[in-house]
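Morning, everyone. I'll take the pocket first, then the salt bridges. Here is the model.

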Amino acid sequence: GWTVLTRPWYTAAMAQPGEPYITAPYTDTQTGSLCITAAMAIPATGQDAGVAAVDVLIDSLNEIVLDTSVGEQNYAFLLDGEGRILMHPNEAYGPDDSDTFQPLSSIEGGLYDGLWQSLGQDGDVVKYRGADSVQRYYTAATIPATGWRLVTAIPTAVVEAPIYSMLV
């Protein structure tokens, strides 16, 4: 039978009291949808009283990430700490039928391997030409509790247009 005390998210949260623990995406047995579990051990007078946890469907996260807007003709996507694409506006980059997430470095025949290698420190800006032949500025920010990276992509033409209009 199922017992909470043996669940990986429970034991991981209990091992790090007061620190959030977030699982990698997995298929939820009740809904059949991809989800993550966020958990944290709750301290009580010098000992841990238990773990509070919540399952979040990936579809909900998808809406938040894909609705991220920082200007015209841009998009955002989410990578895990290993560079696997968790969410991307291009559905072809999503997980395959077995819910295996594709590494950014392997999509489009490895076209984005250079981008993955260049996304170093948070806030670094990388100029890169993608599969659609549009050159964009990419920047990433790490989500601390997960190690995931939220990446934004903005066409260079959008960013540079105000500069060009001042010079002309």
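Start with what lines the largest pocket: five nonpolar, five polar and three charged residues. Here Ala, Val, Leu, Ile, Met, Phe, Trp, Tyr, Cys and Pro are nonpolar, Asp, Glu, Lys and Arg charged, and the others, Gly among them, polar. A word on ground rules: this is a predicted model, where local features need pLDDT of at least 70, side-chain atom pairs need 80 or more, and totals for chains, interfaces and linings use all residues. Residues count from 1 along each chain as its sequence is written, and side-chain values use heavy atoms, leaving out hydrogens and water.

Now, the salt bridges. The count is three. The rule is a side-chain nitrogen of Lys or Arg within 4 Å of a carboxyl oxygen of Asp or Glu.

R84 pairs with D80 at 2.7 Å, N to O. D80 is buried at 8% relative accessibility (buried is under 20% relative accessible area, exposed over 50%, partly exposed in between, with a 1.4 Å probe and protein chains only). R84 is partly exposed at 34%.

R136 and D132 make another, with the closest N and O atoms 3.0 Å apart. This time the arginine, R136, is buried at 8%. D132 is partly exposed at 44%.

Last, D122 and R149, at 3.1 Å between the closest N and O atoms. Which parts of the chain does this pair link? Distant ones: D122 sits in the loop between helix 3 (113–118) and strand 7 (125–129), R149 in strand 9 (residues 148–155), 27 residues apart. Helices (H or I, at least four residues) and strands (E, at least two) are DSSP runs, numbered from the N terminus. R149 is buried at 10%, and D122 is partly exposed at 42%.
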